[in-house]
Amino acid sequence: MTEDDTLNLVLGIGVLVLVLSSLSLRRMSLGLFLRSLISWVLIIGLIYVAVLNRDRIEMALGGVGERLGISGQSVEGDTVRIRQSPDGHFYARVSINGEPTRMLIDSGATITALSVETAERAGIDVSRAGLPVLLNTANGTVSARRGVAQTVSIDGQLETRDLSVVVAPSFGDVNVIGMNFLSRLGSWRVEQRTLILEPDRQP
């Protein structure tokens, strides 16, 4: 069990204890107590499921937003446009081996980088990658494992195959699209705080 799992378990138990304490203080009947307890358990369960599937939910909401014209990411033909987020970065809805996730697009990153969780969900095995590689990041030098993503696509339009990636626990929950993906596009540029990605249209 990881530290995050332990922390989540402790927080979950703490919330349950608080709920039980508040219910017991009301001196309600056993039937009402059980109904209230079941309601709280269902609420906590829904929150837990939502956290586990946050990437899928974000992808679904992104699709709804796009249809309503309020999404930060849109598709025009085979061109993908991504509006700059309030923090100054560009985030894309990406599918890795069919698994949806949210990724930061960083032209300063040489290679695409994935969190351990994202790599596991996408079925990327780094256990046989040999010796780890050392990467220079904004937070210093980190050790990472190499892997290969069979398919990586942005909005189902810009797809590439057999893309090299690096995976490391030190990346936390951050996933980054690097230059090894961007260099396979026909072009990419920023215009009026919008990142424009176009495919390579050469046969």
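## Strand pairing around β7

Helices (H or I, at least four residues) and strands (E, at least two) are DSSP runs numbered from the N terminus, and two strands pair if DSSP finds at least two bridges between them. In this predicted model, local features need pLDDT of at least 70 and side-chain atom pairs count only at pLDDT 80 or more, whereas totals for chains, interfaces and linings use all residues. Residues are numbered from 1 along each chain as its sequence is written, and side-chain values use heavy atoms, with hydrogens and water left out.

Strands β7 and β8 run antiparallel and are joined by nine bridges; Arg146 stands opposite Val166 in β8. Three residues lie between the strands in the hairpin of β7 and β8, where Asp155 has a positive phi near 60°. Strand β6 (residues 133-137) also pairs with β7 in the antiparallel sense, over five bridges, and Leu134 faces Ser143 in β7. A further antiparallel pairing, of three bridges, links β3 to β7, with Ile154 in β7 as the bridge partner of Val94.

Five bridges connect β10 with strand β11 (residues 194-198) in the antiparallel sense, and Glu191 is placed opposite Thr194 in β11.

## Nonpolar cores

A nonpolar core is a set of buried Ala, Val, Leu, Ile, Met, Phe, Trp, Tyr and Cys residues joined through side-chain atoms within 4.5 Å; buried means under 20% relative accessible area, exposed over 50% and partly exposed in between, with a 1.4 Å probe and protein chains only. The largest core has 26 residues, of which Ile105, Ile124, Ile154, Phe181 and Leu197 touch the most other members. The elements giving two or more residues to this core include β2 (79-83), β3 (91-96) and α5 (179-182), while the largest share, four residues, comes from β8. A second, separate core of 12 residues includes Ile111, Ala144, Phe171 and Val176.

## Two residues and their contacts

Contact means heavy atoms within 4.5 Å. Leaving aside residues up to four places away in sequence, Phe181 touches Thr112, Val152, Ile154, Leu158, Thr160 and Leu163.

Leu104 belongs to strand β4 (residues 99-105) and counts as buried because its relative accessibility is 14%. Beyond its neighbours within four places in sequence, the contacts of Leu104 include Phe90, Asn175 and Ile177. The C-alpha atoms of Leu104 and Phe90 are separated by 5.9 Å, although these residues are 14 residues apart along the chain.
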